[in-house]
Amino acid sequence: MENTNKTFAYARVSTADQNTARQLDALATHIQSERDLFIDEQSGKDFNRPEYQRMKSCLRAGDTVMVASIDRLGRNYAEILNEWRDITKQRNCSIVVLDMPLLDTRRKNGCNDPTGTLIADIVLQLLAYVAETERNNIHKRQMEGIASAMKRGQRMGRPKIGFPKNFLPVYKKWQQGAVTAVQAMRELSLKPNTFYRLVNEYRANQKASDENERSETKKHGKAGNDTTPAKR
């Protein structure tokens, strides 16, 4: 494979609302042309990102990939380790993480001493272990908190939204066709799923109330008809 010894810079933000300025300021002095800069506006959960993949397709043995910080490369350390091995071992390229000098696999002063790569691999493995341990600890604390709350009878999740004060008049207008469902939701400040849940609850309550009323009426009517005639 041809040696090009080019440096490519990679930057990433999770959404278009986030600013890449800090990353670009750090990376700008390390590349020869803007064509060597690749930017993704995408989550770091995996490496299925168009600009990242386009950058990898440009890599040749001896090239270097630069990122401002390790979390810009990705968020999943297991996948970062796989990408790190692919770039440094399979493609024979270097990786430099600017805010963490130990994560620099370039050969120092052109020599073949692999110490830098070895140290970087160890540090990355350690970071992956710490990240995985922290994820497990967070999950464990969450489960313990949920179990403790449930033991105390505490309800989990968001509080259930009740009937707004103006629900009945707005509901009646909707039933009569005076307003559309969308207008009713707007008046009640409810989302569609909440609006229809409350409608179903109200109808179920009304049905139960009507059935109870009919049952009571029937019971009283029967009691009146069962009056025993007085003896002579």
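Biologist: Which residue does Lys6 pair with in a salt bridge?

Modeller: This is a predicted model, in which local features need pLDDT of at least 70 and side-chain atom pairs count only at pLDDT 80 or more, whereas totals for chains, interfaces and linings use all residues. Residues are numbered from 1 along each chain as its sequence is written, and side-chain values use heavy atoms, with hydrogens and water left out. A salt bridge is a side-chain nitrogen of Lys or Arg within 4 Å of a carboxyl oxygen of Asp or Glu. With its closest N and O atoms 3.0 Å apart, the salt bridge of Lys6 is with Asp36.

Biologist: How many residues apart in sequence are the parts that Lys6 and Asp36 tie together?

Modeller: Helices (H or I, at least four residues) and strands (E, at least two) are DSSP runs, numbered from the N terminus. Lys6 lies in the segment before strand 1 (7-13), and Asp36 is in the loop between helix 1 (21-27) and strand 2 (37-41), so the pair ties together parts separated in sequence by 30 residues.

Biologist: Is Asp36 buried or exposed?

Modeller: Buried means under 20% relative accessible area, exposed over 50%, and partly exposed in between (1.4 Å probe, protein chains only). Lys6, at 34%, is partly exposed. Asp36 has a relative accessibility of 5%, so it counts as buried.

Biologist: Which residue meets Arg106 in a salt bridge?

Modeller: Side chains of opposite charge can pair when their charged atoms come close. The N to O distance is 2.8 Å, and the partner is Asp104.

Biologist: About how many helical turns separate Arg197 and Glu201?

Modeller: Arg197 and Glu201 form a salt bridge, with the closest N and O atoms 2.7 Å apart. Arg197 is partly exposed at 25% relative accessibility, and Glu201 is partly exposed at 24%. The two are 4 residues apart in helix 8 (residues 192-225), so their separation is about one helical turn.

Biologist: Which residues of helix 6 are buried, and within what arc do they fall?

Modeller: Helix 6 covers residues 167-175, and its buried residues are Phe167, Val170, Tyr171 and Trp174. The arc is that of the directions from the helix axis to the C-beta atoms. Seen down the axis of helix 6, these residues line one face, because they fall within an arc of 105°.

Biologist: Which residues does Arg72 touch, leaving out those up to four places away in sequence?

Modeller: Arg72 lies in helix 3 and is buried, with 8% relative accessibility. Contact means heavy atoms within 4.5 Å. By that cut-off, Arg72 touches Tyr10, Arg12, Val13, Gln23 and Arg49.

Biologist: Which residues make the nonpolar surface patch of about 340 Å²?

Modeller: Patches are made of residues with over 30% relative accessible area and no salt bridge, where like charges are joined within 9 Å and nonpolar side chains (Val, Leu, Ile, Met, Phe, Trp, Tyr) within 5 Å. Accessible areas come from the Shrake-Rupley method with a 1.4 Å probe, and for residues only the protein chains shown count as cover. One member, found in helix 5 (residues 115-151), is exposed at 52% relative accessibility. The patch is made by Tyr129, Val130 and Leu126.

Biologist: What percentage of the residues of the chain count as buried?

Modeller: The chain has 8 helices and 4 strands. It exposes about 16000 Å², of which carbon and sulfur atoms supply 51%. Of its 232 residues, the share that counts as buried is 31%.
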